[in-house]
Amino acid sequence: MKALLIVPVAILAAALGFLIAGCGADEATPAGPVPSVEDQAETATEPVETTAEKGDGESGSEEGEEEPSGTVTYQVWFAEGETLFVTYRSQERTPRVGSAALEALLRGPDEFEQGYGLSNAIPEGTQLLGLRIEDGIAYVDLTSEFESGGGTLSMQMRLAQVVYTLAQFPTVEGVLFSLDGEQVNVIGGEGIVVDQPLHRRDFRELLPAILVTSPALGQTVGSPVVIRGSANVFEANVSVEILDAAGQEIASTFTTATCGTGCRGTFAVSLQYEVDEEQDGTLVVHDDDAAGTGTFPHEVRIPVRLTAGA
């Protein structure tokens, strides 16, 4: 991650003379359309366009003002081991959906997600003090617990989680961080430089070789189910299987990502299946066994709920 420089804090602080930049105007702008599980763009590294109405974001509303109706679904990015993993949350529609996404991130993965292996690199007790979006930059103010504990990888992961969660919104191009109301130039004892807006591209190395963006963990799916995501695998070859509750393969197909073998491309493929009754199932996405070892170099298993045909 070339954009993330790590320097001793004392040296950097002396060079900067402890100058802290201000956050600018107080008024926020809308975050813009948010993603839904069923209507994901085919990219996992750029903001997602959706069918949600414009105006959802950080503009807020006065007390007593009528709130938007309906529900909204948005991404929340957690960690699976040493890589990023995208999940989703749904709630009543709110004009502060960016704050809602960050607050969901700070709460961490739920019990089901923890059982799958998801974790949160953001320290427990971290609170959101403020968020505003201005001229493509999200200004995030968190409590100082955010930089406590952990090494370099943990610090990079928690930064990436915030950046990926906010960059889903088309109005967010980069993220600047404040702690306890003061904009910071470095984060943590390792001295990760954050004096410039951070972007999703700064953390691409934290993406897994295969990232499934849809379906979501535990989602109920019908036939055909559309599988979307991104991958950086040998010759861009991506295979997909659906397993029933007994672990038996009931459908399979393959596709190619838009790029591979050293670059990340997106993929989307539709797969039909048949089951006699609704049941738990597993979506398996993997690359080729090019080395002939009998195992796939990269494999992702997504638990889903399979529905019977009409």
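Me: Which residue in β15 does Arg-228 stand opposite?
Reply: Happy to start there, with the note that this is a predicted model. Strand β12 covers residues 225-231, and seven bridges join β12 to β15 in an antiparallel run. Across from Arg-228, the residue in β15 is Ala-268.

Me: What is the order of the strands in the open sheet of three strands?
Reply: Let's begin at the edges: β10 (210-214) and β15 (265-271) each pair on one side only. The pairing in this open sheet is antiparallel, and neighbouring strands are turned by 25° against each other on average, direction ignored. The order is β10-β12-β15.

Me: Is Ser-230 buried or exposed?
Reply: Ser-230 is found in strand β12, and its side chain has a polar contact of 2.8 Å with the side chain of Arg-264. A residue counts as buried under 20% relative accessible area. Because Ser-230 has 1% relative accessibility, the word for Ser-230 is buried.

Me: How many helices and strands are there in the chain, and what share of its residues is buried?
Reply: A friendly overview can start with the elements: the chain has four helices and 17 strands. The chain exposes about 14,400 Å², and carbon and sulfur atoms supply 47% of that area. Of the 310 residues in the chain, the buried share is 51%.

Me: Why does Leu-179 count as buried, and what is its relative accessible area?
Reply: Leu-179 is found in strand β6, residues 174-179. Leaving out residues up to four places away in sequence, Leu-179 touches Asp-141, Leu-142, Thr-143, Phe-146, Glu-147, Val-184 and Ile-187. The cut-off for buried is under 20%. Leu-179 is buried because its relative accessible area is 7%.

Me: Which residue forms a salt bridge with Arg-89?
Reply: In general, side chains of opposite charge can pair when their charged atoms come close. In this salt bridge of Arg-89, the closest N and O atoms are 2.8 Å apart, and the partner is Glu-113. Arg-89 lies in strand β2 (residues 83-92) and its partner in helix α3 (residues 111-116), so the pair ties together parts that are 24 residues apart in sequence. Both ends are buried, Arg-89 with a relative accessible area of 17% and, at 5%, Glu-113.

Me: How many residues apart are Arg-305 and Glu-278?
Reply: The side chains of Arg-305 and Glu-278 meet in a salt bridge of 3.1 Å, N to O. Arg-305 is in strand β17 (residues 299-306), while Glu-278 is in the loop between β15 and β16 (279-286). This pair links distant parts of the chain, and the separation is 27 residues.

Definitions and conventions: Residues are numbered from 1 along each chain as its sequence is written. This is a predicted model: local features need pLDDT of at least 70, side-chain atom pairs count only at pLDDT 80 or more; totals for chains, interfaces and linings use all residues. Side-chain values use heavy atoms; hydrogens and water are left out. Two strands pair if DSSP finds at least two bridges between them. Helices (H or I, at least four residues) and strands (E, at least two) are DSSP runs, numbered from the N terminus. Axes are lines fitted to C-alpha atoms, for helices over the stretch in contact, and angles run from 0 to 180 degrees between N-to-C directions. Buried means under 20% relative accessible area, exposed over 50%, partly exposed in between (1.4 Å probe, protein chains only). Contact means heavy atoms within 4.5 Å. Accessible areas come from the Shrake-Rupley method with a 1.4 Å probe; for residues, only the protein chains shown count as cover. A polar contact is a pair of N or O atoms within 3.5 Å; within protein, one must be able to donate a hydrogen and the other to accept it, and residues adjacent in sequence count only if both atoms are side-chain atoms. A salt bridge is a side-chain nitrogen of Lys or Arg within 4 Å of a carboxyl oxygen of Asp or Glu.
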